[in-house]
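Please read them with the structure open.

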Amino acid sequence: MIRTTSIPVILAAALLTGPLPVLAGDEEHDLGLVTWMGRLQYYAHKLGLSVDAGNKPLIAYYIHEVEEVIEKIEDIDEADGVPIGNLVKEILVPSFETLETSFESGDEALVDADYNRLLGACNQCHEKAKRPYLIVERRHDNPYMQRFKPSKLAVSPGSD
């Protein structure tokens with residue numbers, strides 16, 4: 001049986017002997033393909049929920065976040081023999097740029113359709129990478145503690 005006083009000692013020893021995990025957003029470390037794909041999925045899902053809600057400022061925000069992650073993934077030359085950067089440039093980037101253009105046009109139906117095409121491009125990329133079991137599909141449920149509906153104009157603190 002471990003005594004209560006032993007637990008802090010064990011935790012301290014584990015922290016001192018093992019490598020510390022890389023913090024999210026640490027620019028100096030290679031986060032790897034799986035981490036970047038996880039971020040892409042996270043931001044792309046939030047982008048989809050923003051599109052569903054018709055929240056243009058939030059759509060713009062998540063388009064920017066998705067773009068930043070795509071740029072990081074483009075920098076990955078290869079993983080497990082798959083030319084990741086080239087596939088992203090060939091398949092994902094054109095689809096993403098089309099989504100950006102449709103957003104700038106203000107056509108909500110086109111943005112919705114191009115968002116679906118972006119997800120389709122993810123699946124095309126997975127097919128070409130010989131990973132057909134990685135299937136991305138649009139989800140409309142919101143697992144986040146975030147509201148995606150546009151808010152009314154913000155009220156300044158202290159004003160009634």
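Where is Asp 80 found?

1. Asp 80 is found in the loop between α3 and α4. Helices here are DSSP runs of H or I with at least four residues, strands are runs of E with at least two, and both are numbered from the N terminus. Asp 80 has a positive phi of about 55° although it is not a glycine. Most residues other than glycine have a negative phi. At 72% relative accessibility, Asp 80 counts as exposed; the cut-offs are under 20% relative accessible area for buried, over 50% for exposed and in between for partly exposed, with a 1.4 Å probe and protein chains only.

2. On the source: this is a predicted model, in which local features need pLDDT of at least 70 and side-chain atom pairs count only at pLDDT 80 or more, while totals for chains, interfaces and linings use all residues. Residues are numbered from 1 along each chain as its sequence is written, and side-chain values use heavy atoms, with hydrogens and water left out.

3. The average pLDDT (the predictor's confidence in each residue, from 0 to 100) is 85, and 76% of the residues score at least 70. Over residues 13-25 pLDDT stays under 50, and the model has six contacts beyond four places in sequence for this stretch. Contact means heavy atoms within 4.5 Å. Where pLDDT is low, the predicted coordinates should not be read in detail.

4. The protein has five helices and zero strands. Of its 160 residues, 32% count as buried. Among contacts with a separation of 6 or more, 58% are between residues 24 or more positions apart.

5. Which residues touch the most other members of the largest nonpolar core? They are Leu 47, Ile 70 and Leu 92, in a core of 35 residues. At least two residues of this core come from each of α2 (32-53), α3 (56-74), α4 (84-105) and α5 (108-128). A nonpolar core is a set of buried Ala, Val, Leu, Ile, Met, Phe, Trp, Tyr and Cys residues joined through side-chain atoms within 4.5 Å. Beyond four places in sequence, Leu 92 is in contact with Leu 40, Ile 70, Leu 87, Leu 118, Ala 121 and Cys 122.

6. The axes of α4 and α5 come within 9 Å and cross at roughly 175°. That angle makes α4 roughly antiparallel to α5, the cut-off being over 145 degrees. Axes are lines fitted to C-alpha atoms, for helices over the stretch in contact, with angles from 0 to 180 degrees between N-to-C directions. The residues making the contact include Leu 92 and Phe 96 of α4 and Leu 118 and Cys 122 of α5. By class, this contact has 14 nonpolar, five polar and four charged residues.

7. Is Glu 65 buried or exposed? Glu 65 lies in helix α3 and is buried, with a relative accessible area of 12%.

8. Lys 130 has a positive phi of about 60° although it is not a glycine, and at 65% relative accessibility Lys 130 counts as exposed. Asn 142 is partly exposed, with a relative accessible area of 36%. Beyond four places in sequence, Asn 142 is in contact with Leu 49 and Phe 148.

Note on methods: Angles under 35 degrees count as roughly parallel, over 145 as roughly antiparallel, 65 to 115 as roughly perpendicular and the rest as oblique. Ala, Val, Leu, Ile, Met, Phe, Trp, Tyr, Cys and Pro count as nonpolar, Asp, Glu, Lys and Arg as charged, and the others, Gly among them, as polar.
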